[in-house]
Amino acid sequence: MIVTLIVVCEIGFWVLLAAGVAFRYLLRMPRTGLALLLCEPLLEVVLLVVTALDLKNGADPSAKHGLAALYIGYTVGHGHRTVKWLDGHAAHRLGGAPKPAGPPRYGMARARHEGAVWLGTLVAAAVATGLLQAAMWYVGDPGRTTSLESWQATAWRAAGIHGLIALSYAIWPKKDPAGPGPAEPEREKEGAGR
């Protein structure tokens with residue numbers, strides 16, 4: 001049941017997101033669209049309550065409970081970025097707004113961007129770890145909760161791998177193949193004279 005609910009929450013996330021931007025930009029009802037977008041965290045609350053009830057009713061903590069915690073953590077850490085990304089593209093395509101700027105592609109600007117995304121993964125790991133720890137305390141039997149401990153390690157292993165990838169952008173920044181534009185050296189000269 002928990003795995004099915006995770007799938008339903010993921011589908012619900014995208015349905016609410018699509019409905020929110022449709023109401024905002026196609027139907028010109030921005031308040032209704034915003035209300036739909038703000039309903040998305042309710043999906044995670046439902047998942048959290050059902051998972052807690054499942055444990056309370058005597059279910060052995062298992063991978064499905066760990067997966068639920070990771071899903072909620074991921075949504076907390078990266079959900080806002082996803083909503084903002086889709087809203088920006090919907091505003092451009094459906095609302096006549098300018099095209100949203102993509103992430104920087106080169107240099108330290110790209111490294112900072114990757115670092116910011118990694119912070120979302122850290123938040124996700126911290127939320128998942130907190131939820132799993134609360135579940136372990138709730139069950140109160142260390143012999144039954146070893147699978148949840150392994151999911152805590154999984155969350156931090158994923159954050160560590162993502163951190164190494166983000167760090168690689170700072171250590172080996174991608175260089176712009178076109179090189180600096182003609183206006184950039186002039187600006188540097190102007191700034192040096194002041």
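# Salt bridges, buried histidine and helix ends

Colleague: Aspartate 87: buried or exposed?

Modeller: Aspartate 87 is buried, at 16% relative accessible area. Buried is under 20%, exposed is over 50%, and partly exposed lies in between (1.4 Å probe, protein chains only).

Colleague: What kind of model is this?

Modeller: It is a predicted model: local features need pLDDT of at least 70, side-chain atom pairs count only at pLDDT 80 or more, and totals for chains, interfaces and linings use all residues. Residues are numbered from 1 along each chain as its sequence is written, and side-chain values use heavy atoms, with hydrogens and water left out.

Colleague: Back to aspartate 87. Which residue forms a salt bridge with it?

Modeller: Arginine 24 does, with the closest N and O atoms 3.3 Å apart. The pair links distant parts of the chain, 63 residues apart: arginine 24 sits in helix α1 and aspartate 87 in helix α4. Arginine 24 is partly exposed, at 24% relative accessibility. A salt bridge here is a side-chain nitrogen of Lys or Arg within 4 Å of a carboxyl oxygen of Asp or Glu. Helices are DSSP runs of H or I, at least four residues, and strands are runs of E, at least two; both are numbered from the N terminus.

Colleague: How many salt bridges by this rule?

Modeller: Three. Side chains of opposite charge can pair when their charged atoms come close.

Colleague: What does lysine 64 meet in a salt bridge?

Modeller: The side chain of aspartate 54, at 3.9 Å, N to O. Aspartate 54 is in helix α3 (residues 40-56) and lysine 64 in helix α4, so this bridge ties together parts 10 residues apart in sequence. Aspartate 54 counts as buried, at 18% relative accessibility. Lysine 64 is partly exposed, at 27%.

Colleague: And arginine 110, what does it form a salt bridge with?

Modeller: Glutamate 114, with the closest N and O atoms 2.8 Å apart. Both residues lie in helix α5, four residues apart, about one turn of the helix. Arginine 110 is buried, and glutamate 114 is too.

Colleague: New topic. Histidine 65: where does it lie?

Modeller: In helix α4, which covers residues 63-95. Histidine 65 is buried, with a relative accessible area of 3%.

Colleague: What does its side chain make a polar contact with? I mean histidine 65.

Modeller: The side chain of aspartate 54, at 2.7 Å. Aspartate 54 is also the salt-bridge partner of lysine 64. A polar contact is a pair of N or O atoms within 3.5 Å; within protein, one must be able to donate a hydrogen and the other to accept it, and residues adjacent in sequence count only if both atoms are side-chain atoms.

Colleague: Which residues is histidine 65 in contact with, leaving aside neighbours within four places in sequence?

Modeller: Ile2, Thr51, Asp54, Leu55, Ala59, Asp60, Leu132 and Leu148. Contact means heavy atoms within 4.5 Å.

Colleague: Which side chain does a polar contact join to threonine 121?

Modeller: Histidine 78, at 2.9 Å. Threonine 121 is in helix α5 and counts as buried, at 13% relative accessibility. Not counting residues up to four places away in sequence, threonine 121 touches His78, Ala158, Ala159 and His162.

Colleague: What does methionine 108 touch, beyond four places away in sequence?

Modeller: Ala170 and Pro173. The C-alpha atoms of methionine 108 and proline 173 are 6.2 Å apart in space, while the residues are 65 apart in sequence. Methionine 108 lies in helix α5 (residues 107-139) and is partly exposed, at 42% relative accessibility.

Colleague: Which residues does UniProt list for "transmembrane region"?

Modeller: The unreviewed entry lists 7-27 and 115-139. In the model, residues 7-27 are 95% helix and 0% strand, with end C-alpha atoms 28 Å apart. Residues 115-139 are 100% helix and 0% strand, and their end C-alpha atoms lie 36 Å apart.

Colleague: Last one. What is phi of arginine 28?

Modeller: Near 55 degrees, a positive value in a residue other than glycine. Most residues other than glycine have a negative phi. Arginine 28 lies in the loop between α1 and α2 (30-38). Arginine 28 counts as exposed, at 56% relative accessibility.

Conventions
UniProt positions are given in the numbering used here, feature names are shortened, and annotations may be inferred rather than shown by experiment.
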